[in-house]
Amino acid sequence: CVAHNRVGRDRCSAFIYVDGSGKQKHRKTETISSYEETVRFSSTTSTSQPTIKTGDIEVTTNLPKALEITEGEELRLFCVVRSDLHLIPTWSKAGRTLAFDGRRRITRNLQGEMCLTIDQAMSTDAGRYTLTITPSDPTLAESMEPIVLNTRVDVN
């Protein structure tokens, strides 16, 4: 599934395992939240990764402090985060929120990479970029400090 809106683009995928034995199994159905399902899924599938406490956001790859590129090149800013929460990344430049347009792509993937890509960088793309990461759950967003990462971009 790929969803687009004014903030950016997000991609999601799922695996469905089908038992071909022909035997029908009856299961008690229960309603669980997507958060509980995420925790259950991640705890059963990723045994080699260290466990993250519920509600933690860990930046495993930070944005560079400064980046210098040549005009016309692709500008790609990214960081990698790990969390058991659904996160909302917001990219901004000089206090203005950036959105997907013809040259800018805002993406993230299931491995936690949050990326801003600008095709054919121009001198006007130089400046200070900020990535703010907040949990999508409004209750958690009130009680948690957002993660704020900054980088400086120079275009020559």
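Two rings of Phe, Tyr or Trp pair if their centres lie within 6.5 Å. I started my notebook with that cut-off, then went looking for such pairs. This is a predicted model, and I found zero aromatic pairs in it.

**Overall layout.** Next I went through the secondary structure. I noted two helices and eleven strands in the protein chain. Reading along the sequence, I wrote down β-β-α-β-β-β-β-β-β-β-β-α-β. I also looked up contacts between residues at least 6 apart in sequence: 63% of them join residues at least 24 apart.

**The open sheet.** Which strands form the open sheet, and in what order? I got five of them, β4-β11-β10-β6-β7, with mixed pairing. The edges go to β4 (66–69) and β7 (96–97); each has a single partner strand, so one side of each has no neighbour in the sheet.

Inside that order I zoomed in on β6 and β10. Strand β6 covers residues 87–93 and strand β10 covers residues 127–135. They run antiparallel, and seven bridges join them. I picked I88 to follow across: its bridge partner in β10 is T134.

**A hairpin.** Then I moved on to β8 (residues 104–108) and β9 (residues 113–118), which pair in the antiparallel sense over five bridges. R105 stands opposite T117 in β9. How many residues lie between the two strands of this hairpin? I noted four, and in the turn G112 has a positive phi of about 95°.

**Cysteines.** A disulfide is a covalent bond between the sulfur atoms of two cysteines. I searched for disulfides and came back with zero. To count as a disulfide, the sulfur atoms would have to be within 2.5 Å. Starting from C115 instead, I landed back on C79 as the closest.

Are these two cysteines buried or exposed? C79 has 0% relative accessibility, so I put it down as buried. C115 comes to 3%, so it counts as buried too.

**Surface.** Buried residues make up 26% of its 156 residues. The chain exposes about 11000 Å², and carbon and sulfur atoms supply 52% of that area.

Technical notes. Residues numbered from 1 in each chain as written. Predicted model: local features only at pLDDT ≥ 70, side-chain atom pairs only at ≥ 80, totals over all residues. Heavy atoms only, no water. Phe/Tyr/Trp six-rings, centres within 6.5 Å; stacked < 30°, edge-to-face > 60°. Pairing = 2+ DSSP bridges. Buried < 20%, exposed > 50% of the residue type's maximum accessible area, 1.4 Å probe, protein only. Contact = heavy atoms within 4.5 Å. Areas by Shrake-Rupley, 256 points an atom, 1.4 Å probe, with all protein chains shown as cover.
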